[in-house]
Amino acid sequence: MSADVVIIGGGPNGLLLACELRLAGVHPLVLERLPERNTAAKANGLVGRVVQALELRGLYGRLADRVGPSQPLPFYQFSGLPLDLRDLPGNPLHVLQVPQTRIEQVLEERARELGIEIRRGHELIALDQSDDAVTLDVQGPQGVYRTWTRYLVGADGGHSMVRKQAGIAFPGTTDDSFASRAGHAVIPDALLDSATGELNLPGLSMCPRPYAHNRLPGGVFTFAMMPPGSGVHLVAVFEWGRPPADDRTPMTFDELQASVRRVLGTELPMSPPAGSGPHLLRRLTGINSRQADTYRAGRVLLLGDAAHVHSAVGGPGLNLGMQDAINLSWKLAAEVQGWAPPGLLDTYETERAPASRRVLMQTRAQMALMRPGDDVTAARELIAELLDDQGNRGRIAALLAGTDVQYDMGREAGHPLTGRWLPDLQLDITHGRAQIAERLRAARPVLVDLTGDSTVTEAANGWTDRIDIVTAHSAEPSPLASAILIRPDGYVAWAAAANPSDQSMRHGLHEALATWFGTAN
């Protein structure tokens, strides 16, 4: 065996999975096809729950390059429609504007700190699996070699070789009715409102807003200074109903400028950025919305874009894929270490596939609402009216953040906190907060005991090799729960009512511990 787990793909999803597995005591090996880290411009940041998840692991500060907790956005958008979140209780839309190249750099640095081996320039060419191992044929810099692993994870993107070799179908739809073009450009300061950043262009009936999908008769226009203060904008346009471009030829800056002119209906003075870059120039025809019909085939699992692809509108890709990694890691580690209860690894798909379906649904809806036409305009007017309601804004914000999916925690899931993200109760803890954060930073499951007696600790004695127990106190006279079992991914597996009987607490806790962490010693 070359490693307990081999991960194909060294992008953010694969690297995060490797870090999570190592924290759980497993030795992964990462095989990446590219000889060096990719410097091409891709995602521009992280949106949603993943920002808080990285904060749990102590990675937010390294990525943000600042101290302090993440903060939710006061404004966002849904298909270009303004989404005012200032009055939203528990606003879930946290955003970290950092380029994917930086994300990969930080995660690779973290992986190497943890002693993880990353082999660059190594490409999977074939796989075969038996009941107890997966055999890999790999093309490396010195030629083809064969290696073995107990589990293989494909984090190798939408064209995943792992998925194809494992025979996993990838059903879905392809919408080739439009083309998108994007590139870095310099827009004259004189055209930009110094207060709002809006584009004041003669001949336009509206002022396009930055960081927004501005819908016009000719298509959709977006622009944003990235990174802020750089003087360089990322400019992108969507066009429907035009003859398809030849994707075999590289896009030029003149082609981007011509597309912008058609969408705006007037000339936008802009120029290529100075310096060597890398500067983005990208053309895409249409979009795929697809999801693997299973996330697991025996000892082969799929992660991120290998399991699902969709439009990038709203920035959901890394939020979805990196949460996949955090969900999968501790379950896969339990299988490798031999203490996983029956069916634990299968809950990776039952929990994460619905989240992917939600992303496919909302990104397709957003793209549909940006199409030209009077009927679409009427639909947008109706949606805009619905977004005047705070409850509707909250539901859309949760959908975009990926916080609207509640995991099924089994028969003992009667408490309202169960299945949800680490509750706000932690904010009311006067003693124990630092210990809880420390355990979660190490990707450990945590049982928080707020009872003030020995009931919970004694009930969990048989699982102390797999979970950490933290005795805490709440500032609330009537706390939401007297005990909380938190999984390594930050979700509540079980919670006890404020004043349960000892017998009912013991029974519920035993049930939850056996469900998620195996049999007692």
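Mentor: A salt bridge is taken here as a side-chain nitrogen of Lys or Arg within 4 Å of a carboxyl oxygen of Asp or Glu. The model is predicted, and by this rule it holds 29 salt bridges. As a general point, side chains of opposite charge can pair when their charged atoms come close.

One of these salt bridges joins R57 and E20, whose closest N and O atoms are 2.7 Å apart. E20 belongs to helix α1 (residues 12-23) and R57 to the loop between α2 (49-56) and α3 (60-64), so the pair ties together parts that are 37 residues apart in sequence. Buried means under 20% relative accessible area. R57 is buried because its relative accessible area is 6%, and E20 counts as buried because its relative accessibility is 3%.

A second example is the salt bridge between R181 and E239, with the closest N and O atoms 3.3 Å apart. This pair links distant parts of the chain, for R181 lies in strand β11 (residues 172-185) and E239 in strand β14 (residues 233-240), 58 residues apart. Both R181 and E239 are buried.

The salt bridge of R296 with D346 has its closest N and O atoms 2.9 Å apart. Here too distant parts of the chain are linked: R296 is in strand β16 (residues 296-297), while D346 is in the loop between α7 (317-337) and α8 (347-368), 50 residues apart. R296 is partly exposed, with a relative accessible area of 28%, and D346 is likewise partly exposed, at 41% relative accessibility. Elsewhere, salt bridges that share partners join R181, E239, R242, D247, E255, R262 and R283 into one network.

Let us return to helix α1, the element that holds E20. Helices α1 and α7 pack at an angle of about 30°, and their axes are 8 Å apart. Angles under 35 degrees count as roughly parallel, and α1 and α7 are therefore roughly parallel to each other. Their crossing is right-handed. On the α1 side the contact is made by P12, N13, L16, L17, E20 and L21, which meet L318, G321, M322, A325, I326, L328, S329, L332 and A333 in α7. The residues of this contact divide into eleven nonpolar, three polar and one charged.

Not counting residues up to four places away in sequence, P12 touches Q100, I103, E104, L107, L318 and M322. P12 and T347 are 335 residues apart in sequence, and their C-alpha atoms are 22 Å apart in space.

Two loop residues complete the account. Most residues other than glycine have a negative phi. D65, however, has a phi near 60°, a positive value in a residue other than glycine. D65 is found in the loop between α3 and β4 (75-78) and counts as exposed, at 67% relative accessibility. A443 also has a positive phi, of about 60°, although it is not a glycine. The place of A443 is in the loop between α11 (433-441) and β20 (446-449), and A443 is buried, with a relative accessible area of 9%.

Key:
Residues are numbered from 1 along each chain as its sequence is written. This is a predicted model: local features need pLDDT of at least 70, side-chain atom pairs count only at pLDDT 80 or more; totals for chains, interfaces and linings use all residues. Side-chain values use heavy atoms; hydrogens and water are left out. Helices (H or I, at least four residues) and strands (E, at least two) are DSSP runs, numbered from the N terminus. Buried means under 20% relative accessible area, exposed over 50%, partly exposed in between (1.4 Å probe, protein chains only). Axes are lines fitted to C-alpha atoms, for helices over the stretch in contact, and angles run from 0 to 180 degrees between N-to-C directions. Angles under 35 degrees count as roughly parallel, over 145 as roughly antiparallel, 65 to 115 as roughly perpendicular and the rest as oblique. A crossing is left-handed if the near helix is turned anticlockwise from the far one by less than a right angle, and right-handed if clockwise. Contact means heavy atoms within 4.5 Å. Ala, Val, Leu, Ile, Met, Phe, Trp, Tyr, Cys and Pro count as nonpolar, Asp, Glu, Lys and Arg as charged, and the others, Gly among them, as polar.
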